[in-house]
Amino acid sequence: MPSLPVIEPKDVRQAKIAPDGGVFDEGEPTAGKDPLEDVYYDYLVRLGDDSLILGQRLAEWCGHAPGLEVDLSLANLALDLIGQATHLLNQANNGDGDELAFHRDVLDYKNCWLVEQPNGDFGRTIARQLLFSTYQHLLYRELADSPDPFLSGLAAKAVKEVSYHRELAADWTIRLGDGTEESARRMAEGLDWCWRFIPELFEVDAVMEELIARQCVPDPRGFEGEYKAAIAAVLAEAKLEKPADQRPILGGRRGHHSEHLGHLLAVMQHIPRTYPGAVW
Amino acid sequence: MSETAGGGHDWPLWEVFIRSKGGMAHRHVGSVHAPDSKLALAHARDTYTRRQEGVSLWIVKSGEIIASDPADSGPLFEPAEDKVYRHPTFYDIPDVVKHI
């Protein structure tokens with residue numbers, strides 16, 4: 001783990017005169033400056049934010065997981081995801097993904113609701129991982145065939161990482177679901193918490209319609225059936241009931257988020273925002 | 001570590017062996033705790049192959065390894081001490097021959 005930066009008086013002065021000076025940025029951040037088409041930019045940021053936010057969430061387990069080996073497992077997943085986010089956000093912002101990661105406010109984040117949900121206990125973290133990694137695996141598998149060379153290249157590499165995430169999450173779901181009375185209860189509660197965020201993964205809005213029409217990205221509805229069958233198969237093996245469908249929660253792609261995301265960003269962004277340009 | 005979960009304390013121990021590249025033997029690198037063989041493989045992968053250490057993993061339940069008794073080390077190993085002629089050191093090995 002890198003040590004914290006040494007904060008010199010000049011850094012403090014710089015922080016005080018910084019344009020955001022500890023206050024949230026105003027106006028359009030980077031979208032306006034971006035030369036890429038808006039819908040393509042939007043898509044890169046959606047994928048990048050999904051990976052970034054889930055990576056940050058998983059990293060919160062570091063030092064707290066149930067067992068040293070699990071600690072490393074979750075940290076490895078987090079690093080894979082943050083690596084994907086780095087490529088995606090760099091691509092969206094002319095090589096400066098950090099600007100998007102650390103200097104955007106909550107309303108400009110485009111990740112889905114599922115990934116920003118708090119870790120809860122290990123059962124809920126695994127439920128979130130199962131539901132997201134299964135989706136991400138199917139998506140990246142299709143995306144690897146995109147005619148867009150950046151997206152197909154990224155997906156071809158990431159699909160191997162995500163395949164492992166999916167497998168690991170399924171393994172844990174089965175062990176917790178088909179484990180003790182307590183582990184089964186916690187796993188079921190975790191799934192119940194996350195279930196209402198599934199429909200958003202398959203939502204097709206105007207941005208998606210445009211990209212799908214141009215055959216640039218896959219239509220997620222094309223693998224929704226496969227997704228549901230895959231989740232059902234894991235739950236059956238885990239001897240868990242499928243949670244009852246709940247009112248879907250949508251809006252993350254348009255910047256409408258749960259109250260949890262702001263807290264996550266506060267932790268993730270406070271150093272670069274307080275000491276812009278700090279390095280170590 | 002979490003105070004609510006088992007924390008891995010009741011998980012069995014597994015020994016981990018890695019083949020660093022094709023043609024090399026698997027070498028013992030350490031151990032992991034895991035509830036079963038499949039997760040032991042995952043834990044070994046996540047713990048010991050993060051820096052491209054290998055191309056293949058073997059996992060063996062620690063309890064199933066048959067080990068020699070340290071108390072027997074005299075009869076087992078000392079007789080070899082004075083048999084220097086068993087070492088292949090009486091001829092030169094060409095530089096191009098690797099892995100000996």
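1. Which residue in E3(B) stands opposite Phe17(B)? The residue is Trp58(B). Helices (H or I, at least four residues) and strands (E, at least two) are DSSP runs, numbered from the N terminus.

2. The model is predicted: local features need pLDDT of at least 70, side-chain atom pairs count only at pLDDT 80 or more, and totals for chains, interfaces and linings use all residues. Residues are numbered from 1 along each chain as its sequence is written, while chains are lettered from A and ligands numbered from 1 in the order in which they are written.

3. Chain B holds an open sheet of three strands in the order E2-E1-E3, with antiparallel pairing; two strands pair if DSSP finds at least two bridges between them. Strand E2 (26–33) and strand E3 (56–61) of chain B are the edge strands, each pairing on one side only. From one strand to the next the twist averages 30 degrees. Strand E1 (residues 13–19) of chain B pairs with E3(B) in the antiparallel sense over six bridges.

4. Across E1, E2 and E3 of chain B lies helix H1 (residues 37–48) of chain B, which runs at about 130 degrees to E3(B). Axes are lines fitted to C-alpha atoms, for helices over the stretch in contact, and angles run from 0 to 180 degrees between N-to-C directions. Contact requires C-beta atoms, placed from the backbone, to lie within 7 Å.

5. In chain A, helix H7 (residues 149–177) packs against helix H8 (residues 181–194) at an angle of about 130 degrees, the axes being 7 Å apart. H7(A) and H8(A) are therefore oblique to each other (under 35 degrees counts as roughly parallel, over 145 as roughly antiparallel, 65 to 115 as roughly perpendicular, the rest as oblique). Thr173(A), Leu176(A) and Gly177(A) of H7(A) meet Ser183(A), Ala184(A), Arg186(A) and Met187(A) of H8(A).

6. H7(A) bends by about 35 degrees at Val159(A), the bend being the angle between axes fitted to the seven residues ending there and the seven starting there. The 29 residues of H7(A) should span 42 Å at 1.5 Å a residue, and the end C-alpha atoms are 40 Å apart, which agrees; the expected span is 1.5 Å times one less than the number of residues.

7. Helix H2 (residues 38–59) and helix H10 (residues 206–213) of chain A pack at about 110 degrees, with axes 9 Å apart. H2(A) and H10(A) are therefore roughly perpendicular to each other. Val39(A), Asp42(A) and Tyr43(A) in H2(A) meet Val207(A), Glu210(A) and Leu211(A) in H10(A).

How values were computed
Two residues are in contact if their C-beta atoms, placed from the backbone, lie within 7 Å.
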